[in-house]
Amino acid sequence: MTDISVTELAALADPVVVDVREPYEFEAGHAAGAILIPLGELRERLGEVPRETPVYVICAAGGRSQQGAAFLEQNGVEAVNVTGGMNAWQRAGLPTALDGIRS
């Protein structure tokens with residue numbers, strides 16, 4: 001499993017971002033276009049995760065996303081952990097969406 005910083009992620013064109021936080025955390029702010037799949041639902045919703053492109057996994061600080069990315073890697077998905085999570089994203093001043101849940 002590899003890692004990427006929030007600034008590196010923000011520089012990518014149309015990355016597939018899976019947010020593994022809880023819905024209330026996601027609704028408070030997330031990366032635009034992120035797909036919400038809480039860590040506790042990742043096993044049941046594995047079929048919803050794209051396999052044709054790398055998937056960037058984000059949470060609040062990096063712990064849950066590391067677990068989620070490791071799980072996805074074990075299941076044949078090219079997963080990249082976003083270090084620092086949404087906390088680092090917001091500290092870096094990157095745009096945060098409040099557009100509801102895309103799941």
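Mentor: Glutamine 90 is found in helix α4, residues 85–91, where helices are DSSP runs of H or I with at least four residues, strands are runs of E with at least two, and both are numbered from the N terminus. This is a predicted model, in which local features need pLDDT of at least 70, side-chain atom pairs count only at pLDDT 80 or more, and totals for chains, interfaces and linings use all residues. Residues are numbered from 1 along each chain as its sequence is written, and side-chain values use heavy atoms, with hydrogens and water left out.

Trainee: Why is glutamine 90 called partly exposed?

Mentor: Buried means under 20% relative accessible area and exposed means over 50%, with partly exposed in between (1.4 Å probe, protein chains only). Glutamine 90 has a relative accessibility of 42%, so it counts as partly exposed. In sequence, glutamine 90 lies 72 residues from valine 18, and their C-alpha atoms are 17 Å apart in space.

Trainee: What makes the buried residues of α3 line one face of the helix?

Mentor: Seen down the helix axis, the buried residues of α3 fall within an arc of 160 degrees, so they line one face; the arc is that of the directions from the helix axis to the C-beta atoms. These buried residues are Ser65, Gly68, Ala69, Phe71 and Leu72, and their cover includes β4 (55–58) and β5 (79–82). The face turned away from the buried side of α3 carries the exposed residues Gln67 and Gln74. Just after α3, glycine 76 takes a positive phi of about 85 degrees.

Trainee: Which pattern does the chain follow along the sequence, and why is the chain called as compact as a globular protein of its length?

Mentor: The chain has 4 helices and 5 strands, in the pattern β-α-β-α-β-β-α-β-α. Its radius of gyration is 12 Å, close to the 13 Å from the globule rule for 103 residues, so the chain is as compact as a globular protein of that length; the radius is taken over C-alpha atoms, and the rule is 2.2 Å times the number of residues to the power 0.38. Buried residues make up 46% of the 103 residues in the chain.

Notes: Contact = heavy atoms within 4.5 Å.
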